[in-house]
Amino acid sequence: MSPSRTYQCLLAGTLAMLGLVGLTYRMPGASTDWPEYNGDGQRSHYSALAQITPANVNRLTVAWTYASGGADTVGNRTQMQCNPIIVGGVLYGVSAATQAFAINAATGVEIWKTNLPDTDGTLSRGVTYWTNGTDQRIFFGAGGGLYALDAKTGNLIASFGQAGRINLKTGIDRPGADNYVRSNTPNTIYKNLLIVGARVAEGETALLGDVRAYDVQTGQLVWTFHTIPQPGEFGYSTWSPSNPRQHLGGANAWAGMAIDRKRGIVYVPTGSAAYDFYGGNRKGDNLFANCLLALDAATGKRMWHFQFVHHDIWDRDPPAPPNLLTVVQNGKQIDAVAQTTKQGHVFVFDRVTGKPLFPVVEKAFPGNGVAGEQPSPTQPIPLKPAPFTKQTFTENDINPRASNRSAIVAMLRNARTGSPYIPLTAQTTVFFPGTDGGAQWGGAATDPDGTIYIPAKQNPCYSTLILREQPATNALVTTAQAYRSNCAACHGADRRGNHDGSYPSLLEIDKRLSAEAIHNVLRTGRGMMPSFAHLSEAERNAIVNFLLNKNTSTQLVNAKQTSVPYQHTGYNRWYDSNGYPVSAPPWGTLTAIDLNTGTHRWQVPLGEYPELTAKGIPATGTDNYGGPLLTGSGLLFIAASKDGQLRAIDKKTGKTIWQSTLPAAGYATPATYSVAGKQYVVIACGGGKLKSKSGDRYVAYALN
């Protein structure tokens, strides 16, 4: 045995005697990567690195910052949701202007950055790395394309797809569909395959949501899984009327995937079928929308599936990649897959068979919908673990400090509330948690001991379904009618957007955008907003005229009729007159759950409003977006909260033991890595959500 190996063994024995078996010892000068989205193919958000500990975390200081460029510091509309990857001492990420870049991971010095022309404000959560030992590639979704870049230079690889790009719309088009498709969550590598999901629109013009695999070197399509089945395929009978792929879209894999490379299984959560809030034109359970799919990664063949919501009319699709982990039940180790949900549940399955590891019951949720709607009479509910959010919102759940409590009570008494699955009607319906969670796209972290750590939101929202105005061919419609039919569901009938800024105000838009610029946004989409290229030129002109306060009438020639007779009135987050959620705190939480037993270990508020804390009010938690990072020393690093802090939390207790103010809120998941024996923690500080300022900085911390 070599002297260095002998020394490592002696040190390992000493650590074991000290009870520090979980710590990872690395020889001086060693480097450790963070090579994939959320750390690894299991999407664990975990690293065994342990140089930064609860005992020394207070010595963390900023090691470097990188200005990625492109922040909107006037309108504060840009964001960075990127979990960067680190390979061989190089950090790869995405800028506020949605350009991919590479920097020195020890210094933050730029190596290269793309200048792609068609990113159009795409929100990106990162990039994917592949190598065969000599060829190194970065795959990056921007606009409607998927790009292959040389990892060393950032140059497009001309032999991939068409001059380095795949057109994501090819193969998922259908009659009447729009052009909106984005690959904004990093894709998944299996051998020589790049397995791709995508975001599509959520209205009736949505493209198909098929899962696809491409050859990593050529860009050629290798396999496709139809999330809305074709005739003769399993699940086809769960859709009515027939041939759903001709008139429906969605059921797309937008949230990301996990991969068991040893077994060759990819785990794919799927979105809701479009339209999100009405399903009278898609009767049945609607497989494979709202599912966790276990697919043969080599062929795309379905191995098993589980549907979390039957016939979803609430936009309750799984919001994040699942976590792969190993749990112990009855003394037996079981490789499991865990999926968090917007509704506040964790479903845990045997990774190979799909059998739930805790009982799941089909629970009745009676409730009538609008004319033509046929809700599912039951929905699956896990009996363990207990939910990590409250499940209902009643008068007893109103914030006792709410500034306009009497008005909130009056509105609630006239609303449909008290159950998780109440169909929308013309009467106000309350969602709790809100439409985006509960758990959201940041996902959860898992510990090798079987514990899962889940950030979540606990804020109510409300909406209604109203009859859609149906313009007849050659009808004379006002510009206001054109706006209401196409834009009011998100931006509000009054054009004020929503309170948290996720759907911006369109008032005085003429001071920010020219008529030509508004036309371009309607044609191409921007960020989360889909393209409205499917509308006629006259309809788009009518919308532009309304936004520019030209309230005239427009003759619509060959106006398209809709198969969805209703539209919802917006994703209305419910706040009091002072801008705080109307529910009793906590409004944001971090929860630790033992998935061996299904029991909660702890739950703490995540984030605070400093002005409330200054008044002596205990930390309330805040809206949050972004996931946690877990290290081998027992530290959880998480930003995510509206207050713009990065926190280090003791995984045993949930207690915050260090925090640092970021240059802009970190609505992203941190990463950790080491270069030459030095451990770093890095996070993208893009802000922009929740009416916080936008930024472009990546900030890395290390021990001083």
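Thr479, Ala480, Ala482, Tyr483 and Asn486 of helix α3 are in contact with Glu539, Ala542, Ile543, Asn545, Phe546 and Leu547 of helix α6, contact being defined as heavy atoms within 4.5 Å. The residues of this contact divide into 7 nonpolar, 3 polar and 1 charged, where Ala, Val, Leu, Ile, Met, Phe, Trp, Tyr, Cys and Pro count as nonpolar, Asp, Glu, Lys and Arg as charged, and the others, Gly among them, as polar. The model is a predicted one, in which local features need pLDDT of at least 70 and side-chain atom pairs count only at pLDDT 80 or more, while totals for chains, interfaces and linings use all residues. Residues are numbered from 1 along each chain as its sequence is written, and side-chain values use heavy atoms, with hydrogens and water left out.

The axes of α3 (residues 479–486) and α6 (residues 537–547) come within 8 Å and cross at roughly 105°, the axes being lines fitted to C-alpha atoms, for helices over the stretch in contact, with angles from 0 to 180 degrees between N-to-C directions. The two helices α3 and α6 are therefore roughly perpendicular to each other, a term that covers angles of 65 to 115 degrees, with those under 35 counted as roughly parallel, those over 145 as roughly antiparallel and the rest as oblique. Helices (H or I, at least four residues) and strands (E, at least two) are DSSP runs, numbered from the N terminus. Helix α6 is also the packing partner of the buried residues of α5, namely Ala517, Ile518, His519, Val521 and Leu522 in a helix that covers residues 515–524; buried denotes under 20% relative accessible area, exposed over 50% and partly exposed in between, with a 1.4 Å probe and protein chains only. After α5 comes Gly525, with a positive phi near 80°.

An open sheet is formed by 4 strands in the order β2-β45-β44-β43, with antiparallel pairing, two strands being paired if DSSP finds at least two bridges between them. Its edge strands, each pairing on one side only, are β2 (60–67) and β43, and the twist averages 30° from one strand to the next. Strand β43 pairs with β44 (residues 678–687) in the antiparallel sense over 5 bridges, and Ser674 stands opposite Gln679 in β44.

Within β43 (residues 671–675) lies Thr672, which is buried, with a relative accessible area of 0%. The side chain of Thr672 makes a polar contact of 3.0 Å with the side chain of Gln679, a polar contact being a pair of N or O atoms within 3.5 Å, of which, within protein, one must be able to donate a hydrogen and the other to accept it, and residues adjacent in sequence count only if both atoms are side-chain atoms. A polar atom of the Thr672 side chain also lies 2.6 Å from the backbone oxygen of Tyr680. Beyond its neighbours within four places in sequence, Thr672 is in contact with residues including Asp33, Trp34, Ser47 and Leu49.

Most residues other than glycine have a negative phi, and most peptide bonds are trans. A cis peptide bond, with omega about 5°, joins Ala274 and Tyr275, and another, with omega about 10°, joins Pro585 and Pro586. His311 has a positive phi near 50° and, at 1% relative accessibility, counts as buried. Glu508, in the loop between α4 (488–491) and α5, has a positive phi of about 55° and, at 49% relative accessibility, counts as partly exposed.
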